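I opened this entry to record what I looked up in the structure.

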Amino acid sequence: MIKNHRPKFETKVLEHQNIKTPRHQDIKTPRHLTLQKNLLFSLGILSAAVIAFQLALMQILSFVQWHHFAYMVISVALLGFGAAGAALAIFRKWLMKRFEWLPPLLMILAGLAMALAVGISQTAALRFDSYLLFAKPAHAWRLLAAYLLFFIPFFLSALAIGMVFVRFAGQIGTLYFANLLGSGAGSLAALGLIRIYFPGELPAVIAIFPLISGMLLISRARRGLLAAAALFATGIIAFRIVSPPQLALSEFKSLSKTLNLPQARILLEKTGPHGVIQVVSSPAIRYAPGLSLNYRGLVPVSKAIFINGNWGGAVRSRARTDTSDVLDFTGAALPHAMRPRERVLALCGAAGGEIGQALAAGARQITVAEPNSALLSILRNELAGELDSLLDHPAVRVRNLEPRTFLMADTAAYDLVLLPMVGEFGGAAGLYALQEQYLFTREAFREMRRRLTPEGVIAVSCWMDYPLRNPLKLLAALAEALEAEGIADPENHIAAVRSWATITFAVKSTPLDAGEIARIGDFCAAMGFDPALLPGVSAEQRERFNRLQNRQFFEYLDEILSPEREKLYAEYDFNLRPPGDDRPYFSQFLRWKSLPHLRGLFGEQALPFFEIGYLLAALTLLQITVIALALIILPLFFRSQGVLDRAGGGFRQKNGRPGRRLLRTGNKLRIFFYFSGIGLGYMFVEIVFIQRFILYFGSPVYAAAAAIASLLVCSGAGSYLSARLPSLRRALIGVPGGIMALLLVYAVVLTPALRATIALPAGIKLLLALLFIAPLGFFMGMPFPLGLRRFREEFSGLTAGGEDEVPWAWGINGCVSVVSAALAAIVAVELGFTWVMIFAAAGYGVTLLAGWKDIG
Amino acid sequence: MVNRITRFIIFLIVFSCTGDPGKGQDAAAKTDNDPYQKQRYRMVAQQIESRGVSEGAVLNALRAVKRHLFVPAGEVENAYQDSPLPIGYGQTISQPYIVAYMTEVIEPKPHHKVLEIGTGSGYQAAVLAEIVDSVFTIEILPELGNSAAERLKNLGYENTEVRVADGYFGWEERAPFDAIVVTAAAEFVPPPLIEQLKDGGKMVIPIGAPFRTQMLMLVEKKGGKVTTASLFPVRFVPFRRE
């Protein structure tokens with residue numbers, strides 16, 4: 001009877017798969033409950049909203065807190081899916097009895113939750129702060145509350161999606177396709193929305209989509225309730241669109257502190273994929289990093305730029321009279337003191353200070369590579385007056401490109417390559433430990449060296465920190481880059497000048513000559529700076545003006561430039577090994593094995609002050625693992641009967657009732673490993689592509705959107721076509737095996753392929769990204785539906801259409817994905833992306849083995 | 001079913017049984033006259049003396065100033081912990097040891113005139129006021145500056161004067177100073193402060209914000225020449241193990 005209501009393609013799929021009609025479809029089913037286009041459409045919209053909300057949360061948390069919470073968002077989203085799977089496993093009967101009206105209600109509620117969750121999490125009682133997580137235990141609970149608040153919309157959405165999956169288990173391929181296609185579209189939609197709406201406005205705008213998806217499915221059943229819910233949700237969402245919640249930044253972020261200054265006000269703000277840009281003015285904002293103590297002039301008042309609440313630079317123009325020559329009394333003046341620089345390349349230095357300084361020092365051509373288009377727009381338009389239109393100066397050429405992309409595309413030679421300052425004043429406490437910083441890798445410095453004229457220098461300044469980390473790792477990266485370029489004596493090519501708080505490195509392709517060495521000495525004497533590295537420098541000269549309590553700093557510097565470098569890497573309490581493109585985490589210094597030593601030196605409470613970001617990532621992994629395990633264990637607790645149990649074989653008597661069967665451990669484990677392997681493999685691949693694409697596209701949000709969209713769309717296609725594979729046996733071996741082989745090939749060829757094409761226009765790169773991902777993504781969409789088929793067929797006769805194992809498999813897959821998202825970040829930091837890829841292959845290997853047993 | 005429910009309840013209990021480790025306070029240390037005196041003495045002994053601060057006047061000042069009166073109401077019970085505490089507006093009251101160390105480093109004498117940049121809640125000013133002749137302190141945030149002025153006045157620190165202003169310019173009318181304590185870290189040392197420091201005077205500045213590892217910098221002015229010395233709060237820490 002039901003087949004009469006189904007579209008033709010569905011009947012074909014069912015026939016092709018030789019799947020029995022689900023038992024509850026024997027009862028009369030209203031037409032709206034069949035797998036119709038509006039249901040698929042609704043599913044697609046909801047899936048799009050879920051991904052868009054995920055990306056919006058990443059933007060919001062990067063704004064109010066720091067970047068490392070991006071991984072938490074991915075985990076929380078996946079946790080919602082895992083928990084929904086568990087809920088379906090436990091309450092399947094209760095839920096499915098209400099299928100006529102519950103999914104649309106869940107969708108409407110998901111929209112409501114999306115609109116409200118962020119606002120509630122920002123209330124004074126629930127707001128958490130990264131810095132206080134270890135200092136004030138209440139904030140750990142607040143973080144948990146945030147977890148739960150963000151979890152709700154994902155859970156409600158996933159439950160609705162899951163119910164549809166269960167109800168139409170026989171057409172899982174089609175549904176999975178709609179789900180993944182929608183998700184892919186959602187990530188692209190999020191990119192568009194992020195350009196238009198500020199982070200606080202995004203959730204309510206995105207909430208419209210689940211609302212629509214729910215309203216599309218309203219039928220006669222409980223129409224009054226659903227209409228009332230939809231009306232209420234519409235009202236709340238509309239209110240939130242008109243009156244978005246005020247996002248409260250961590251009070252320890254630079255912007256928060258600056259806004260506390262007298263008469264501080266935000267002059268203008270713009271949003272974009274690189275985050276929120278805000279320009280602040282106050283008569284108390286002055287900026288002169290590491291200013292010489294011999295400077296007696298006025299430090300000028302500047303306007304300040306903040307990106308996602310973090311310091312983004314001071315707006316300063318050389319042409320203004322009140323700016324005098326303050327920058328000439330900082331380390332930034334070192335390269336100009338060495339010799340005149342005609343051709344200058346400023347990487348990410350659009351805000352003006354160094355450009356003006358270079359112009360004043362006689363530069364004839366200055367090229368600026370700045371990836372942030374919104375920032376460029378502000379500097380060229382709203383702040384053009386402040387900058388005296390510096391970016392439109394005839395000698396200045398601005399390229400809106402990621403610096404690495406620019407370096408690979410450009411062939412010009414420069415007398416000076418300027419980099420942004422490394423680190424933060426006083427250290428960043430590891431808050432950027434998980435942030436990919438491709439500008440400070442060995443490969444990046446090698447590319448910069450190749451752009452130098454024979455007398456040209458790379459100039460980079462760094463805040464001195466305590467314990468010493470940033471200057472040492474920066475020098476290590478510079479030295480290793482030079483050696484990789486065939487320069488065996490880096491000590492003759494690197495000069496370093498230290499003020500009371502900063503150190504500036506100047507790196508040459510050719511050895512420093514006597515004239516340059518003398519001029520550096522003169523510069524130091526005039527500024528009250530000390531040469532930390534300079535051919536022929538004496539121990540006394542190194543501390544003439546600025547004494548160090550720990551003179552081992554100089555020993556470390558010398559050792560990094562000697563063949564003994566590896567020994568220092570091995571023995572130092574912090575990770576000094578320079579980052580490469582495979583592990584681009586410059587700011588990750590934590591070494592787990594040093595923790596007991598550091599705890600002994602500084603005490604338990606001080607420990608998080610070193611490397612809070614990475615510790616948070618580890619804690620997130622721990623928390624999430626416990627919760628994810630609970631979500632897998634829970635169904636086992638409650639499902640003492642059902643298809644899996646019966647499939648386990650062997651009747652037993654329980655509570656005097658016949659027909660119960662024990663769940664055989666072997667089968668449990670096989671299903672667990674099969675879907676765990678997929679969960680781990682898929683997430684690891686996704687995270688690798690996101691991280692790889694950050695360099696490729698130059699923006700984390702673009703990278704996430706491109707990787708997620710391509711992967712999901714291709715997986716959707718693979719999932720859809722998996723139902724047409726003629727031989728399940730071959731597919732179960734061939735598909736995971738093929739994915740493993742592809743992953744191993746990717747581990748070798750992906751990096752060179754991306755490097756070879758990085759300089760192409762963005763549109764072509766987007767197309768190439770899709771091409772890179774397509775074969776892998778296509779096959780990666782298959783194992784999940786194939787597994788369902790495989791286990792359903794194995795237990796045929798015991799199952800009634802496969803609706804029982806869907807939530808179970810989905811729950812396992814979701815929960816392992818949750819753990820994998822957090823784990824992948826840690827594996828990437830510890831071992832590099834190549835290993836993440838290899839582990840992904842291993843995950844699919846587990847899937848292959850678990851699905852292989854007794855095939856045929 | 002009962003069995004299932006029991007298991008679920010056990011499960012919930014297991015997953016909810018994590019306590020709040022930060023609540024334990026030593027109520028026994030309180031006495032009727034000065035409920036926090038014991039905690040304060042213990043703070044000096046365990047957090048300050050044990051780390052090498054030995055100047056008697058500094059230790060006495062730390063024992064005398066009631067730190068719990070300089071923290072927000074919600075932080076009173078944490079006032080004598082070995083950590084900085086938030087006082088609002090993104091500002092903090094420094095860790096007791098940092099206050100002691102910065103005070104010792106400038107070698108304060110009873111006849112000294114000291115300038116402080118960054119009054120905060122007024123705790124550092126009060127500690128200095130216990131030792132030196134006069135303390136001039138500048139706070140840029142009016143809310144903090146005004147409440148600190150009132151607090152110091154109420155506590156009888158007549159030798160302190162609070163000004164709400166931008167610390168960049170120092171306090172020219174009261175210059176020169178024997179010592180300057182900058183409690184608010186800055187990316188540069190304001191040139192007017194160097195001008196207002198007496199020849200032979202000392203200035204101490206923290207490098208690094210609270211809740212991060214802090215280093216201190218001592219600026220000395222002798223014969224017109226300005227030199228600095230970095231000082232680690234933990235005297236010598238080997239980060240390398242062989």
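**Cavity lining**

I began with the lining of the second largest cavity, whose residues divide into 16 nonpolar, eight polar and one charged. I note that the model is predicted. The lining comprises 25 residues, and those nearest the centre of the cavity are Leu78(A), Phe81(A), Leu180(A), Tyr682(A) and Leu712(A). I read a volume of about 490 Å³ for this second largest cavity. My count of cavities of 30 Å³ or more came to 12.

I then looked up which helices contribute. At least two lining residues come from each of H2 (37-64), H3 (69-97), H5 (137-167), H6 (172-196), H22 (665-697), H23 (700-722) and H27 (805-831) of chain A. H22(A) gives the most, with five residues.

**Sheet**

Next I traced an open sheet of eight strands in chain A, with mixed pairing and the order E7-E6-E5-E8-E9-E11-E10-E12. Strands E7 (396-399) and E12 (530-533) of chain A stand at the edges with a single partner strand each, so one side of each has no neighbour in the sheet. I find that neighbouring strands of this sheet are turned by 20° against each other on average, direction ignored.

Within the sheet I examined E8 (414-418) and E9 (452-463) of chain A, which run parallel and are joined by four bridges. Leu416(A) has Val457(A) in E9(A) as its bridge partner.

**Helices across the sheet**

Helix H14 (442-450) of chain A lies across E5 (343-347), E8 and E9, running at about 145° to E9(A). Helix H17 (552-560) of chain A lies across E10 (494-498), E11 (502-508) and E12, and I record its direction as about 40° to E12(A).

Note on methods. Residues are numbered from 1 along each chain as its sequence is written. Chains are lettered from A and ligands numbered from 1 in the order in which they are written. This is a predicted model: local features need pLDDT of at least 70, side-chain atom pairs count only at pLDDT 80 or more; totals for chains, interfaces and linings use all residues. Side-chain values use heavy atoms; hydrogens and water are left out. Two strands pair if DSSP finds at least two bridges between them. Axes are lines fitted to C-alpha atoms, for helices over the stretch in contact, and angles run from 0 to 180 degrees between N-to-C directions. Contact means heavy atoms within 4.5 Å. On a 1 Å grid over the protein atoms alone, a cavity is a set of points where a 1.4 Å probe fits but cannot get out, and a pocket is an open set with protein on both sides within 12 Å along at least five of seven lines; lining residues have an atom within 4 Å of a point. Grid points are joined across faces, edges and corners, and a volume is the space filled by probe spheres set on the points. Ala, Val, Leu, Ile, Met, Phe, Trp, Tyr, Cys and Pro count as nonpolar, Asp, Glu, Lys and Arg as charged, and the others, Gly among them, as polar.
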